[in-house]
Amino acid sequence: MHFGPHLLLAALEGLVTSAVLALTALGLSLVFGVMRVVNVAHGEFFMLGAVLAWAISTAISGHPAVGFVAALVVAPLLVGLVALVAERLVLRRLNYNPEGTIVATIGMLYIIQQLALTFYGPEARPVEPPFNYRILLPWFGYSGYKLSVVAASAILLVITWLVLTRTRIGLIMRATQYDRETAQAFGVPVERVYAGVFAVGAMLAAIAAVLIVPISQAHYLMGQDPLLLSFIVVIIGGLGSLRGTVVAAILIGLSDGIISMFFSPTLAKIIATLVVAMVLVFRPQGLFGTTPR
Amino acid sequence: MRDASPAKAYALHVGVIALLFALNFVLPDYHQGLFARIMALAVFAMGYNLLFGYVGLLSLGHAMFFSAGLYGAGLTVHHLGWGVPEAFIAGVTCGALLALVIGLLALRTSGVAFMIVTMMFAQVFYLLILYFAAWTGGDQGLVVQQASRTLNLGGASLDLTDPTVRYMSALALFAVVLLITLTVVRSRFGRVLVAIRENEERTKMLGYDTVANKLAAVVASGAICAASGAAYALLFGYVGSSFAGVQYSILPLLWVLLGGAATTLGPLVGTLFMYYVTDITSGFTSAYLLIVGVALILLVLFFPKGILGSIRERWLGWLP
Amino acid sequence: MTPLLTTKGLSRHFGGLRAVDVVDFALIPGEIRAIIGPNGAGKTTFVSLLSGRIRPSSGMVVFDGADITTMPAYRRVRLGVAYTFQITSVFANLTAFDNVALPVQRTLTDGRSKGQVRSGVMAALERTGLADRAGTLAGQLSYGHQRLLEVAMGLALKPRLLILDEPTQGLADSEIDNFITLVREIARGATVLLIEHNMPVVMQLADRITVFNSGKILAEGTPEQIRANAEVQDAYLGATHG
């Protein structure tokens with residue numbers, strides 16, 4: 001294959017990564033933005049989504065699309081429920097103290113990971129895609145499913161954006177993010193907003209995982225890379241900024257796809273991590289964010 | 001309160017060291033080995049505690065300092081054939097230098113950003129170990145040859161693989177670091193560190209260069225953690241990338257939280273407790289991580305001062 | 001007499017707000033100077049510029065003949081510019097002794113004073129009448145005692161210029177009388193600059209008064225001159241009383 005098509009393939013792969021990453025990182029960003037909680041267990045919610053997707057789709061017989069759709073609906077709901085319980089039992093009791101919640105979410109990470117290992121096992125298991133249509137390009141055929149993942153992610157991002165900017169729920173969330181005490185004084189049910197945001201954040205990660213699981217397999221350690229990449233995206237995009245998060249996800253996803261096609265993936269990760277750490281040190285508002293007042 | 005009971009505090013610490021010395025002759029073989037490991041790792045926890053407990057800086061990347069010591073000592077022995085003392089010094093130096101660089105960068109941030117930055121630098125360090133697998137052995141790691149783990153002291157040669165020598169070496173390091181920590185936290189420097197933890201802005205307005213003080217604490221903490229890593233490589237003969245992973249940044253945090261942050265003996269208590277809990281439960285379950293996770297959450301929720309912190313609060317106010 | 005501290009064209013803007021607007025100011029060694037003015041006049045911003053807690057947008061600050069405009073706060077403290085906070089910010093989890101030990105050991109390290117930490121601490125605590133509470137955690141002291149501890153910490157720094165930001169806020173009348181005596185005593189060895197709302201305290205203590213309004217100096221003079229100044233009455237007394 002020539003360089004051009006090769007690059008196109010890399011870019012397409014990168015776009016799929018970006019799409020999934022944007023959803024995952026958006027969840028992390030929402031939770032941090034509204035609650036000021038760094039959720040280290042975010043990657044485990046992603047993993048949980050994938051593992052549940054496998055369980056649901058194997059439990060349902062018939063056409064793979066039926067199982068997949070069931071998984072796409074049920075898995076995120078279950079993950080949201082887990083997140084809700086964790087929020088009630090742990091985060092709320094810590095009064096959302098930033099350091100305490102980091103330590104607690106590290107604890108959740110280990111618990112979820114270990115439970116997945118115990119009940120799901122160490123194997124990587126595939127989920128069948130809902131359809132197997134291949135789009136024929138002049139140079140190579142490309143999975144139609146992968147492109148539909150990109151489309152699905154784009155639709156979800158637009159919906160989230162609309163909810164955040166155009167609805168009363170979005171207004172309440174932004175008010176809570178801006179000033180928790182004042183919002184409370186104006187009758188915003190802050191605790192319920194927090195619980196909801198934490199659950200929605202986890203559900204976004206779970207949806208991303210269900211979308212990706214027919215492409216890459218479900219595995220109990222699969223949450224680690226999305227967590228790191230989401231951190232990178234959220235930091236580069238500016239903590240708590242939706243537009244920055246999406247732009248950064250596309251940037252990171254594309255460059256990750258392209259760089260790891262031409263360089264060692266370890267080297268790519270080293271450079272990306274180092275760059276992000278430096279961004280955080282020298283430009284903590286992110287590359288696209290503006291300095292807070 | 002300071003100056004209230006220095007004699008009592010020193011007596012307690014010397015007593016603990018003496019007890020550990022005596023245990024060598026009583027403990028069965030298996031527990032003797034476990035204790036040697038616990039003492040070496042308690043040094044890691046003490047280094048972590050200096051920064052987390054006393055200065056209030058929560059790092060999520062201390063595995064890099066531990067493994068800087070581990071690899072600094074292990075690789076110089078393995079590739080350059082250095083002797084034990086030189087290798088140990090090389091390890092500690094690596095850790096201190098790394099801490100200096102990381103401190104200069106990471107201390108520009110604070111709070112949550114500090115945690116994430118330290119975690120990311122540690123991740124880079126971990127990936128570098130994998131990337132240079134030709135020298136480091138990658139995730140397989142390296143075994144430091146038994147023959148090169150001999151300490152020559154003026155004619156007498158000590159075999160660090162011998163259980164008693166290993167126990168005593170770990171104890172010696174532990175004792176030195178414990179007494180250094182005790183002296184530091186009772187010194188003027190220690191008082192400044194605590195003041196920074198309590199209110200950095202106020203400390204500045206008392207004429208202190210808080211950034212320089214924090215940097216000194218990061219370097220001291222990094223050097224102590226590296227000493228633990230170097231000792232681990234030389235005493236137990238294995239150097240591997242798993243020691244640089246995220247988990248080894250979380251463990252010292254867990255040990256310190258459990259034993260009691262900002263207590264001098266807390267790190268030992270926490271490490272000891274956690275090791276034995278794992279050891280005992282390993283008979284019933286392999287879910288080691290589950291225990292770590294549950295312990296972290298329970299500690300943060302119900303027991304934020306840890307074992308010795310709670311004892312100090314309720315009964316022994318003089319406990320350093 | 002050469003001034004101890006001067007500012008030239010000192011300004012600080014927050015966005016469009018000119019909190020401090022081209023201020024020329026001079027302090028004579030040994031005086032007690034009060035800064036008064038309505039809320040939002042820029043008083044706290046002004047002294048924060050002097051102590052180095054915030055950086056000016058333009059202009060310069062000279063202390064004892066040296067330009068300290070860009071000097072970080074902690075180095076100004078070592079030169080002898082001490083600042084006590086408007087909101088009490090003693091180290092609540094440390095004992096009163098340790099609170100004062102921090103500034104004392106600072107001056108010992110700098111060689112600006114000699115002796116032991118313990119004797120220096122006890123001297124400062126005795127001057128403020130807190131000696132019998134040395135072992136108490138600062139957070140458990142009464143509010144008035146916390147303010148005194150704050151002053152003791154300032155004293156222990158052996159300042160040449162002591163900046164007090166609303167020191168009598170929240171004090172009982174009896175405590176205020178003791179406080180006035182204390183400041184007079186301090187002024188024998190140091191220059192004192194205080195922001196104060198309590199007018200009787202200002203009139204009793206100050207050698208000279210500087211009136212701020214909208215980030216600028218509106219008037220300056222002895223207590224009698226300020227009392228007689230019609231402009232001040234309009235801007236300040238008018239604003240607070242009517």
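Two residues are in contact if their C-beta atoms, placed from the backbone, lie within 7 Å. By that criterion, 21 residues of chain C are in contact with 16 residues of chain B. This is a predicted model, in which local features need pLDDT of at least 70 and side-chain atom pairs count only at pLDDT 80 or more, while totals for chains, interfaces and linings use all residues. Residues are numbered from 1 along each chain as its sequence is written, with chains lettered from A and ligands numbered from 1 in the order in which they are written.

**Side of chain C that touches chain B**

- Helix H2 (73-79) and helix H3 (96-109) of chain C each supply at least two residues of this side; helices (H or I, at least four residues) and strands (E, at least two) are DSSP runs, numbered from the N terminus.
- H3(C) gives the most, with 7 residues.
- By class, this side has 12 nonpolar, 6 polar and 3 charged residues (Ala, Val, Leu, Ile, Met, Phe, Trp, Tyr, Cys and Pro count as nonpolar, Asp, Glu, Lys and Arg as charged, and the others, Gly among them, as polar).

**Sheet of chain C**

- An open sheet of 6 strands has the order E6-E7-E8-E3-E9-E10 (chain C), with mixed pairing; two strands pair if DSSP finds at least two bridges between them.
- Strand E6 (81-84) and strand E10 (216-221) of chain C are at the edges with a single partner strand each, so one side of each has no neighbour in the sheet.
- The twist averages 20° from one strand to the next (axes are lines fitted to C-alpha atoms, for helices over the stretch in contact, and angles run from 0 to 180 degrees between N-to-C directions).
- E6(C) and strand E7 (residues 161-165) of chain C run parallel, joined by 4 bridges.
- Tyr83(C) is opposite Ile163(C) in E7(C).

**Helix across the sheet**

- Helix H1 (residues 43-51) of chain C lies across E3, E6, E7, E8 and E9 of chain C, at about 150° to E7(C).
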